[in-house]
Amino acid sequence: MHGNGPFVVATIMLAACPWISDAEHLKPIPHPIRAPQAAQAKSDIERASSGPAGPSWTPLANQPAFLLNGASNPILLTDGTVLVQDTGFPDWWKLTPDQKGSYVNGTWTSIASLPATYSPLYHSTAVLPDGRMIIEGGEYLLNLAQTALIPTWTNQGSIYDPLANVWTPIDPPAGWETIGDAQSVILPNGTYMQANCCTDQAALLNAATLTWTSTGANKFDPNDEEGWTLLPSGQVLAVDAYAPIPPFPYIPTGTNSELYNPGTGAWSTAGSTIVQLWDSAADCGGESAASFELGPAVLRPDRTVFYTGANSCGPGNTAVYDWRSRRWTAGPAFPDDYDIADGPAALEPNGNVLMMASPGIFESPSQFFEWNGKSLNPVSGPPNAPFDSSYFGNMLVLPTGQILLTDFSNDIEVYTPPASNEPEWAPIILNTHLLLKRGSSNQISGLRFNGMSQGAAYGDDVQAATNFPLVRITNLATHHVFYSRTHDHSSMAVASHSVASTHFDVPAKQEMGLSELQVVANGIPSNPVLVVIF
């Protein structure tokens, strides 16, 4: 296993997940290389909208050197700010874009820390429709002396309220001893759904009462190492990883996938993935050598899901799921021995999928690829790519259309893809007030307010979905950019043809005068509407 800074991994506590028999089934703590560089001072919105000659990486001008252990998964809040956890520590920080809307030139402030008893690594995360952020579970917890991360598979959780700057602990679903490194998703009706990593159980959260209801009947296998992808049908797609948790056996060649139906609360088969996507190590050691890992899956605007795989024995496979026909087709295998055994991917505004792969299981160096719907093409990586494994990376789609990457180091990079989104992917504003008072709360409605996809994905234990509307108001005299906090979205459905609405709170510091208002979803802005701020 890898060490990281002052941390050492203590004895593995198998009692938390007694089915784990090998160290291979525990994702290591990363040991990143830190390589910050000087940033380019330019508006992110200008850079993303004009598009460079080719894709490019830009380091933040203000790197978070104050982080003790480097940045873990970034989360976009509905006010346009980005939250980042100090890896494994209770401390969280907020990145605010500058007056031109640039995240590259943004600034950092601290927010409230988690309770000392709950400092998780590898946990579930989501932004609720009311604007709060929830985290659940964790594969590791930091001990009270803050000297070691202990394998725990905790059932703790907490909700962050950005208005009050307060964390509120959440009791687990009844009878759950573990949540651990589990997946989660916000369903189209706005309900948060949480998996238990070590069983086949799932639960729905009532965000108002912080109580849970069991769901997920007829699951074919345990939830462990699997990811969830929200589909335009409202269903949730999962590829089975066949973790051998009693009474479920090791099935070395299994290729089943499943669909969760929110209406019935039950799973059913989605058919064979044709090629094996999870790592069974069937040809190089079998069950004792298997990691049971999968890669990320991303829904594209063409309504297909691009799914990536892991493989201890050679290159990882990929597959494409068409949710309309409910059919899988094999995609290209990664070149050489690259695969994604946990790792990030994100949807670019142009419809391509950016992903981070590495050779074998938890090895380095990393290599970045793009999937354009037909071919898998290598692209340049950031400075730490030679030292990173795929699981180091976490991606977030920014409102500028850029993709922010963290890798457990203090070097946060921003990827700018060529800008070429199709007009039919953009949000459309149908109704809003044209006279907006500073400090007021308003309602806005339109189409495609939740984007064409969740935006970003990982293997199982990181979620950074951005399928919610942001409201961006730019003053036409100063060209200064302000984000209005959105909340209480009417829907979280992706690629929807139905009218959706949200509330937005105009900042009290918003500059007065003639301005342009845009709704942004997954980095794609609507056409602007002229408004007057008074």
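Visitor: How much space lies in the largest cavity?

Guide: About 290 Å³. This is a predicted model, where local features need pLDDT of at least 70, side-chain atom pairs count only at pLDDT 80 or more, and totals for chains, interfaces and linings use all residues. Residues are numbered from 1 along each chain as its sequence is written, and side-chain values use heavy atoms, with hydrogens and water left out.

Visitor: What counts as a cavity?

Guide: On a 1 Å grid over the protein atoms alone, a cavity is a set of points where a 1.4 Å probe fits but cannot get out. Lining residues have an atom within 4 Å of a point. Points are joined across faces, edges and corners, and the volume is the space filled by probe spheres set on them.

Visitor: How many cavities are there of 30 Å³ or more?

Guide: Six. The largest is lined by 28 residues, and those closest to its centre are Ser184, Trp228, Gln454, Gln463 and Ala465.

Visitor: What classes do the lining residues fall into?

Guide: 17 are nonpolar, 10 polar and one charged. Here Ala, Val, Leu, Ile, Met, Phe, Trp, Tyr, Cys and Pro count as nonpolar, Asp, Glu, Lys and Arg as charged, and the others, Gly among them, as polar.

Visitor: And the second largest cavity, what is its volume?

Guide: About 80 Å³. Its lining includes Pro301, Trp425 and Met452, and divides into eight nonpolar residues, two polar and one charged.

Visitor: Now pockets. How much space lies in the largest one?

Guide: About 580 Å³. A pocket is an open set of points with protein on both sides within 12 Å along at least five of seven lines. Of the 23 residues lining the largest pocket, Asp79, Thr81, Thr96, Tyr483 and Lys509 are the closest to its centre.

Visitor: Which element gives the largest share of that lining?

Guide: β39, with four residues. Strands are DSSP runs of E, at least two residues, numbered from the N terminus. By class, the pocket lining has 12 nonpolar, five polar and six charged residues.

Visitor: Surface next. Where does Phe534 lie?

Guide: In the segment after β43 (529-533).

Visitor: Why is Phe534 called partly exposed?

Guide: Because its relative accessibility is 46%, and partly exposed lies between buried, under 20% relative accessible area, and exposed, over 50% (1.4 Å probe, protein chains only).
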